[in-house]
Amino acid sequence: MRASASVGAEKCEGWRPAWRAGTCLVPEDGWWAMAAMEAGPLPATLAPEDAARDASEAAGAGPEAPPLPAGNRLSLHLHPGGCRRLLRLCAQQAPQLLEVDFLQLSGHEDPQLLEAALARLPWSLPRLRSLVLKGGQRREALGACLRGSLATLPASLSSLARLAHLDLSFNSLETLPACVPQMCGLDALLLSRNCLSELPAALGALPALTFLAVTHNRLRTLPPALGALSSLQRLDLSGNLLEALPPEIGGLGSLAELNLASNRLQSLPSSLAGLRALRLFILHSNLLASVPASLARLPLLTRLDLRDNQLRDVPPELLDAPFVRLQGNPLGRPPPDPPSPPGPPVVPEMPRLLLTSDRDSFAVTPQGCSVTLACGVRLQFPAGATAAPMTIRYRLWLPEPRLVPLGPHDALLSGVLELQPHGVAFQQEVGLWLLFVPPRARRCREVVVRTLSDNSWSDLETHLEEETPKRLWAHCQVPHFSWFLVVSRPVSDACLVPPEGTLLCSSGHAGVRVTFPAGATEEPRHVRMQSGPSSFLRPVTIQLPLPPGVTGLSLDRARLHLLHLAAPAAAWDDITAQVALELTHLYARFQVTRFSWYWLWYTTKACVGSLARKAWERLRLYRVNLIALQRRRDPEQVLLQCLPRNKVDATLRRLLERYRGPEPSDTVEMFEGEKFFAAFERGIDIDADRPDCVEGRLCFVFYSHLKNLKEVYVTTALDRRARAVRGQVSFYRGEVPEVVPEEAEAARQKRGPAALWMATLPIKLPRLQGCEGPTREPGLSLAPLNLGDAETGFLTQSNLLNVAGRLGPDWPAVALHLGLPYRELQRIRHEFRDDLDGQIRHMLFSWAERQAGQPGAVGRLVQALEQSDRRDVAEEVRAVLELGRRKYQEGIRHTSLAPGNLTSPDRLPSPSPEPAQA
């Protein structure tokens with residue numbers, strides 16, 4: 001039953017990986033201009049030396065030489081055939097290689113070819129200081145990063161005397177290559193996400209090493225020689241299988257940061273008191289039962305993270321220290337009673353699993369376990385919950401119409417968690433903790449976990465746990481696995497009604513009461529406010545408070561109306577004449593035989609039923625705007641979002657650093673939980689097979705407390721080599737149809753209000769890279785840019801291309817003298833990194849397009865060149881302008897001397913001057 005009172009109513013073809021943030025280096029931050037440098041495939045039987053020689057010969061046979069490195073950096077990890085490019089440069093003995101001190105290659109190269117390229121480094125790049133050989137640039141079908149194929153390094157790399165930084169992350173190393181401990185000048189060594197089960201003792205012979213990262217490997221022990229790294233300042237060993245630390249680790253006198261999170265440590269050596277320079281000590285997610293009190297006496301320690309361990313007691317020095325974090329420990333709880341001698345054996349400690357983002361399943365045994373998923377969900381399987389080992393799979397879904405059943409006043413607070421296998425009953429209930437967004441309105445509302453059971457949704461008994469004011473958990477016990485979500489709903493009160501009768505009071509409003517008289521039921525039954533229709537043998541008395549400002553002595557009974565919501569018709573009916581309203585000073589009482597929705601109104605309007613319907617809808621109605629943005633570095637990536645009007649400005653300020661697009665749509669009205677869809681039109685289509693996509697149309701469900709955001713890649717069947725494709729995306733109400741309704745199409749074309757069409761926003765796919773600008777072929781006339789005028793002379797696209805080819809590294813100074821802001825220079829450098837010619841052309845042509853039709857643009861260009869000390873280019877521009885002016889004057893003189901009546905129209909000179917070609 002619901003009761004309330006109111007006074008009134010108011011793609012380019014090619015491969016594109018689906019990158020996930022937080023797992024590896026995001027390749028969209030790299031340069032994506034793929035150079036066509038294909039050397040023939042190498043036979044698998046060649047030795048590395050033969051492979052290098054053959055690859056060099058094949059590369060040298062190409063028609064054009066590879067581009068030389070810009071400055072002292074050589075990044076080949078995103079190029080197809082990066083090793084071939086490197087071998088080609090080494091074969092040509094380019095002098096620029098002698099200045100290179102940074103080299104990055106991909107770990108996904110052919111192993112033999114990669115070994116051959118690395119073997120050439122000591123002789124071809126003798127000044128190399130940083131070598132990056134990371135994997136992880138490729139993804140598997142489920143989106144996890146793939147390890148590189150690198151399993152060893154050639155012994156000759158130990159000759160790189162200047163090498164200070166070595167990154168071998170995301171590869172397939174099972175043992176540390178023997179050449180690594182011989183690199184005496186090494187300052188930083190990164191070995192994360194490999195398959196290392198141990199570290200060699202020779203690693204302690206690196207006197208200059210200051211940073212060592214061996215995260216997410218399979219380390220079970222550490223060599224005592226690790227304590228000999230006297231210069232080590234940062235050590236990261238998180239995500240391994242360490243059960244103990246060697247006492248020699250206390251000899252790392254320079255260590256400032258130590259990360260041992262997500263291991264299996266049960267105790268710590270007392271020698272850690274010797275880490276006098278330690279500032280940051282991370283130990284969360286281990287099995288620690290005690291910690292030494294000497295940690296509190298480390299003079300520089302600013303953070304000690306002991307969360308999620310097995311600490312039942314800590315020394316007082318640490319308990320009161322402000323830099324210690326102890327959440328997730330059983331502090332103060334008594335240890336389990338030891339069993340008596342004749343009793344059963346001691347039950348081992350429950351295992352704990354911490355799943356990373358690249359895992360979607362885990363195993364559960366009859367022993368039980370505690371699991372923390374990467375999405376923030378926690379599960380606890382008690383011992384005996386399963387009779388046999390079984391594999392549990394999970395998936396976090398976005399809210400979809402078939403997955404999220406919400407009532408009129410419900411609000412969704414979390415995503416939808418699916419746990420498989422469905423329907424498998426556990427012998428003991430499993431604990432489930434779900435993170436959720438705190439609701440804005442908490443008065444008269446409660447948070448519950450909703451689940452699907454026997455094809456119907458039900459709410460579980462839920463307990464809230466607050467870790468921080470903005471980090472709340474919804475805890476419940478589940479008998480089997482299905483779909484789970486967290487919702488906020490109006491407070492629901494329940495009681496057991498005996499045949500003797502009882503009183504049910506609302507916990508949300510003290511004035512709402514339901515009185516069950518004696519004999520209302522023949523047998524005890526559970527009732528709940530907000531439950532569906534339920535009939536009783538005798539009338540039940542309901543008490544509602546009168547509207548504010550109105551008392552039973554002063555109100556006009558003709559203006560008081562009791563409304564009833566008929567569930568099948570979803571309409572409010574005025575039942576004032578059908579019930580006997582008993583008025584007191586503050587309350588109105590009436591009797592009913594069935595539970596439903598009741599609404600008390602005090603109004604002067606005559607048509608109360610239709611007015612209540614409008615007010616009912618307005619309670620769930622939101623004014624929203626629709627946005628469609630394209631990523632600046634990848635225009636084929638489109639972000640679609642539906643936002644309440646008060647959130648649009650803040651969201652756009654956050655997104656416009658990475659996205660660009662049209663202004664948001666006009667404000668439209670939308671109900672909570674309403675379905676709508678987005679359709680790409682005019683040659684634009686979705687470049688993916690998505691479960692929420694039907695024939696290129698995306699389905700949405702609007703929830704005011706969620707982001708309502710989807711990001712997709714789009715493509716087109718039109719030719720983008722000639723010109724850009726200008727398409728659009730339209731938003732329509734309702735579920736996704738097979739085709740867009742004709743009436744919605746007509747409403748969109750008329751741009752008028754309609755029940756189905758909501759908004760249309762433009763989408764532009766630019767011309768493909770490499771097809772921009774003019775193609776200079778023999779005899780091809782280039783159209784003028786309208787940069788300049790007839791008297792001072794014009795500059796064509798060909799002229800600007802020649803200017804761009806002469807600027808070189810001086811282009812930033814020219815750009816600043818042209819008036820371009822420094823922020824735009826930074827953006828151009830970022831978008832065209834590793835492509836100097838692209839930076840210059842983009843700067844010059846974008847400035848020319850903005851200056852088109854404005855007087856004095858050519859003069860400003862000449863002045864900027866002179867101020868940048870490029871008078872040679874300025875003189876060339878002046879020569880081009882003088883040639884254009886001379887041709888223009890000759891044309892005028894020729895026209896004035898020719899007889900006007902004897903010159904045919906097709907032989908008259910063009911009124912616009914002929915553009916001069918430099």
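Modeller: In this text a residue is buried when its relative accessible area is under 20%, exposed when it is over 50%, and partly exposed in between (1.4 Å probe, protein chains only). The model is predicted, so that local features need pLDDT of at least 70 and side-chain atom pairs count only at pLDDT 80 or more, while totals for chains, interfaces and linings use all residues. Residues are numbered from 1 along each chain as its sequence is written, and side-chain values use heavy atoms, with hydrogens and water left out.

Biologist: Which exposed residues does the face of α7 turned away from its buried side carry?

Modeller: Helices (H or I, at least four residues) and strands (E, at least two) are DSSP runs, numbered from the N terminus, and helix α7 covers residues 648-655. Its buried residues are Val 648, Thr 651, Leu 652 and Leu 655. Seen down the axis of α7, these fall within an arc of 100° (taken from the directions from the helix axis to the C-beta atoms), so they line one face of the helix. The face turned away from that buried side carries the exposed residues Asp 649 and Arg 653.

Biologist: In the open sheet of 5 strands, which strands stand at the edges?

Modeller: Two strands pair if DSSP finds at least two bridges between them, and in this sheet, ordered β42-β43-β40-β45-β46, the pairing is antiparallel. β42 (693-694), for instance, pairs with β43 (residues 697-701) over 2 bridges, and the bridge partner of Val 694 in β43 is Arg 697. One side of each edge strand is left without a neighbour in the sheet, because each has a single partner strand, and these edge strands are β42 and β46.

Biologist: Which element gives the most residues to the largest nonpolar core?

Modeller: A nonpolar core is a set of buried Ala, Val, Leu, Ile, Met, Phe, Trp, Tyr and Cys residues joined through side-chain atoms within 4.5 Å. The largest one has 78 residues, of which Leu 86, Phe 281 and Leu 304 touch the most other members. The elements that give two or more residues to this core are α2 (82-92) and α3 (111-119), and the one that gives the most, with 5 residues, is α2.

Biologist: Is Arg 871 buried or exposed?

Modeller: Arg 871 belongs to helix α14 (residues 871-897). Leaving aside neighbours within four places in sequence, Arg 871 is in contact with Leu 865 and Glu 866. With a relative accessible area of 53%, Arg 871 is exposed.

Technical notes: Contact means heavy atoms within 4.5 Å.
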